[in-house]
Amino acid sequence: MNDLNTTVRNLAAIAAAKKLLAEAETREKAALSSLVVRGTNYAYTDTGEELGYATVPKPSKPKPSIVITDEAQAYALAVDLFGEDVIEQRVELTEQGRKSFEAYVLEAHEQAGSEDYFDLPGVAVSVPPAKDPAPRFTPAKNVVELVRGMAERGALNLSEVLALEGGES
């Protein structure tokens, strides 16, 4: 085989390995999510050296999003609530006026029972759905050497991890 063909074949193998790695990572993170609701779990080599740790964080709490749907109504309400100092001559809320108005809207939204959708004149508040906490793995600084050592000792089969034998492990 010539050098060019070998190089291109190696690039194809690397591309395949990247795809297999991504699939393996997705599969293992899904397994981690089904096994651990929340918390941190450490991984060790067969000789007791720390490989790293996997973390499943607590679920995020989504924040309400405020959209002014009718500026004329919203500005009139803001002026009624906070006075004309919240409006500039070009009929736009000042930065402080917007902050005050948004704080008022969020408080009104909360008092209404934090509904998924809440309406004030000229303003809509919506709360996005909570994101599922994504599992993360933080490897040890020397993880490459540790994994190589495990593979050399037969304690880890990379073909199984990457499902190279024709299917999921």
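Helices α2 and α3 are roughly perpendicular to each other, a label used for angles of 65 to 115 degrees. This is a predicted model, where local features need pLDDT of at least 70, side-chain atom pairs count only at pLDDT 80 or more, and totals for chains, interfaces and linings use all residues. Residues are numbered from 1 along each chain as its sequence is written, and side-chain values use heavy atoms, with hydrogens and water left out.

**Helix packing**
- Helix α2 (residues 71-82) meets helix α3 (residues 95-111) at about 90°, with the axes 10 Å apart; helices here are DSSP runs of H or I with at least four residues, and strands are E runs of at least two.
- On the α2 side the contact (heavy atoms within 4.5 Å) involves Ala74, Tyr75, Leu77, Ala78, Leu81 and Phe82, while α3 brings Arg98, Ser100, Phe101 and Tyr104.
- By class, this contact of α2 with α3 has eight nonpolar, one polar and one charged residues.

**The largest pocket**
- Its volume is about 1200 Å³; on a 1 Å grid with a 1.4 Å probe, a pocket is an open set of points with protein on both sides within 12 Å along at least five of seven lines, and lining residues have an atom within 4 Å of a point.
- The largest pocket has 30 lining residues, and Glu28, Phe137, Val143, Val147 and Val161 lie nearest its centre.
- Elements giving two or more residues to this lining are α1 (3-35), β1 (39-44), β2 (50-56), β6 (136-139), α4 (143-153) and α5 (158-161).
- Helix α1 supplies the largest share of the lining, nine residues.
- The lining has 23 nonpolar, two polar and five charged residues.

**Aromatic pairs**
- The whole structure holds two aromatic pairs, meaning rings with centres within 6.5 Å; planes under 30 degrees apart count as stacked, over 60 as edge-to-face and the rest as tilted.
- Tyrosine 42 and tyrosine 53 form a tilted pair, because their ring planes stand at 45°, with centres 5.4 Å apart.

**Proline 57**
- Look for proline 57 in the loop between β2 and β3 (65-68).
- Leaving out residues up to four places away in sequence, proline 57 touches Arg38, Pro133, Ala134 and Arg136.

Technical notes. Axes are lines fitted to C-alpha atoms, for helices over the stretch in contact, and angles run from 0 to 180 degrees between N-to-C directions. Angles under 35 degrees count as roughly parallel, over 145 as roughly antiparallel, 65 to 115 as roughly perpendicular and the rest as oblique. Ala, Val, Leu, Ile, Met, Phe, Trp, Tyr, Cys and Pro count as nonpolar, Asp, Glu, Lys and Arg as charged, and the others, Gly among them, as polar. Grid points are joined across faces, edges and corners, and a volume is the space filled by probe spheres set on the points. Rings of Phe, Tyr and Trp (its six-membered ring) pair if their centres lie within 6.5 Å; planes under 30 degrees apart count as stacked, over 60 as edge-to-face and the rest as tilted.
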